[in-house]
Amino acid sequence: MNFFYRFIVLFFLFIYPILGEEVITTKKEEPDGYYGLKLGAIITPTASLRIRDKASGTTDLSPSDKSGFSMPWTMFSISKEWEDLGLKAEFWGEILRNDALTNDTSVGSGTKENPYIFLVRRANLAKTFELGNTKHQIQFGMFELPHMFSVWSGNYDWRYIDKSPLESLGFARDPVDLGINYIGRWKSFSVQAAVVNGEGYRNVQNTTNTGYDVIGKIGWEPTWTENLKTGLHLLGRASNAFGYASDECREGKTKCLLDDGNPNTRRQGPVSLNQEQVLAIESHLLWKDTVNFGLGGMFKKQLGGKIVDRLSPYQPGVMVPESTGRGAYLWLGIGNGTLRLVARGEVATGGPSPGLRATETVEREPWVRFQPGTTEPRYSDQSYYVSRQIFGEWFLSTSTRLALGYTEVRSYDTKGEPNKWYVDSTGESSNRVEYREQFSKPVAFPISEFGRLDRSIVLKATATF
């Protein structure tokens, strides 16, 4: 009997912490999260199959999520709102592969494993208030940048499939950054202005420059009928716009001007070498659950300047010209609320991977193509890429979807010609120079060329709660 009593006492002591008081995050008869925390998550399991054949070039054996199973666009959110004070606090986390933060994995130059890691994506405090018939909000901390508006407003409804167009083109270094953000609304008009570090939420300030980025957006979203909505948005970004150190482009001090290893030089350039300007425009049309159409474009300018050698002040400097880049995109979704067919296209200077780069200079102009001492005209970098996607969606519920689709990326080189893969008869990779040389001199192993086309079949599911 004593053993029985001892057992009861020990069992009670053991389960007491488990049967402790329940943590209340909501209050009865009030909306969820009104008095407590609001929890949410986005989960996107993915399966991707690369199409490997002669049309897509040589086999790519490098580690990548382009083939196999993965979990992109998977996040967890916590928010707390004090409606009487107009305050809201947000904390979001996302999972990323470790190679997103370091090269010391098998994907980069290292040998370490590449697991999923948990990274903070949002952490900010927002104050909302009204003045007359206008609404205002100020965010302070880590927040989504203005060019992500189409994702969180539902205009671009397929972030789980791929990055939004402006995100893919590279409007900013990252979709999230640290700083202060203002949003103002009046009727169908909105304005947004943000001052941020510029390095993105994965880097500390001064990683790429010493100043701050300024980003702005002006939007007009009229509702014509209950079922028809349209929108037009203008966006701009000036990187390293103010607050920078005047000598940040001294050789070896920052990434602006890398050390050339020559101890007899002390090169320095203007801050403009570390500045770029971006303009974008995007429009959309939504009609019921039937049509979702978007069209946009982006222009980027990388500023130039003259690099001089401080140890040779009388020597002429090296002029780095301004370069520009441009891109355009569209998407179209047609469905009935249960099934939807979606197509998306994107073209921009740069490549072979998606992402707009400022590659074109004034060397494109006819009057500067011929340089003294040359026999052939000089041309600007003509590289660009074309990305296409088409997929079908099945709405399992209002917050759960399944999609099956096809994606491809074709790229073109600096002369505007299609990029190729070059492989010799033993299966080893080669290059364009060696491929051409084989026609003027004997080679041990003949080299063949193949079209370079990155193609994949993708299966995705997503759930938001």
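Which residue of β11 stands opposite Tyr 212? Phe 242 of β11 stands opposite Tyr 212. This is a predicted model, in which local features need pLDDT of at least 70, side-chain atom pairs count only at pLDDT 80 or more, and totals for chains, interfaces and linings use all residues. Residues are numbered from 1 along each chain as its sequence is written, and side-chain values use heavy atoms, with hydrogens and water left out.

**Strands and sheets**

- Strands are DSSP runs (E, at least two residues), numbered from the N terminus.
- Two strands count as paired if DSSP finds at least two bridges between them.
- β10 and β11 run antiparallel and are joined by eight bridges.
- β11 also runs antiparallel to β13 (residues 276-287), with 11 bridges joining the two.
- Leu 235 has Ala 280 in β13 as its bridge partner.
- Three bridges hold the antiparallel pair of β15 (residues 305-309) and β16.
- Gly 305 stands opposite Val 320 in β16.

**Nonpolar surface patch**

- Patch residues have over 30% relative accessible area and no salt bridge; like charges are joined within 9 Å, and nonpolar side chains (Val, Leu, Ile, Met, Phe, Trp, Tyr) within 5 Å.
- Accessible areas come from the Shrake-Rupley method with a 1.4 Å probe, and for residues only the protein chains shown count as cover.
- A nonpolar patch of about 860 Å² includes Trp 186, Phe 189, Trp 220, Trp 224 and Ile 281.
- β9 (189-196), β10 (212-220) and β11 (228-242) each give two or more residues to the patch.
- Val 191 is found in strand β9.

**Salt bridges**

- A salt bridge needs a side-chain nitrogen of Lys or Arg within 4 Å of a carboxyl oxygen of Asp or Glu.
- The count by this rule is 22.
- Arg 344 and Glu 346 form one, with the closest N and O atoms 2.9 Å apart.
- Arg 344 is buried at 7% relative accessibility, and Glu 346 is buried at 4%.
- Glu 408 and Arg 388 meet in another (2.8 Å, N to O).
- That pair links distant parts of the chain, 20 residues apart: Glu 408 in β20 (residues 400-412) and Arg 388 in β19 (residues 384-395).
- Glu 408 is buried at 11%, whereas Arg 388 is partly exposed at 42%.
- Glu 90, Glu 94, Arg 121, Arg 122 and Glu 144 are linked in a salt-bridge network.

**Cavity and pocket**

- On a 1 Å grid over the protein atoms alone, a cavity is a set of points where a 1.4 Å probe fits but cannot get out; a pocket is an open set with protein on both sides within 12 Å along at least five of seven lines, and lining residues have an atom within 4 Å of a point.
- There is one cavity of 30 Å³ or more.
- The largest cavity holds about 40 Å³ of space.
- Its lining includes Leu 145, Arg 173, Asp 174, Asp 213 and Arg 237.
- The second largest pocket holds about 1000 Å³.
- Of its 48 lining residues, Val 151, Trp 152, Gly 154, Asp 157 and Thr 464 are the closest to the centre.
- β4 (residues 75-82) gives the most to this lining, with six residues.

Terms used: Helices (H or I, at least four residues) and strands (E, at least two) are DSSP runs, numbered from the N terminus. Grid points are joined across faces, edges and corners, and a volume is the space filled by probe spheres set on the points. Buried means under 20% relative accessible area, exposed over 50%, partly exposed in between (1.4 Å probe, protein chains only).
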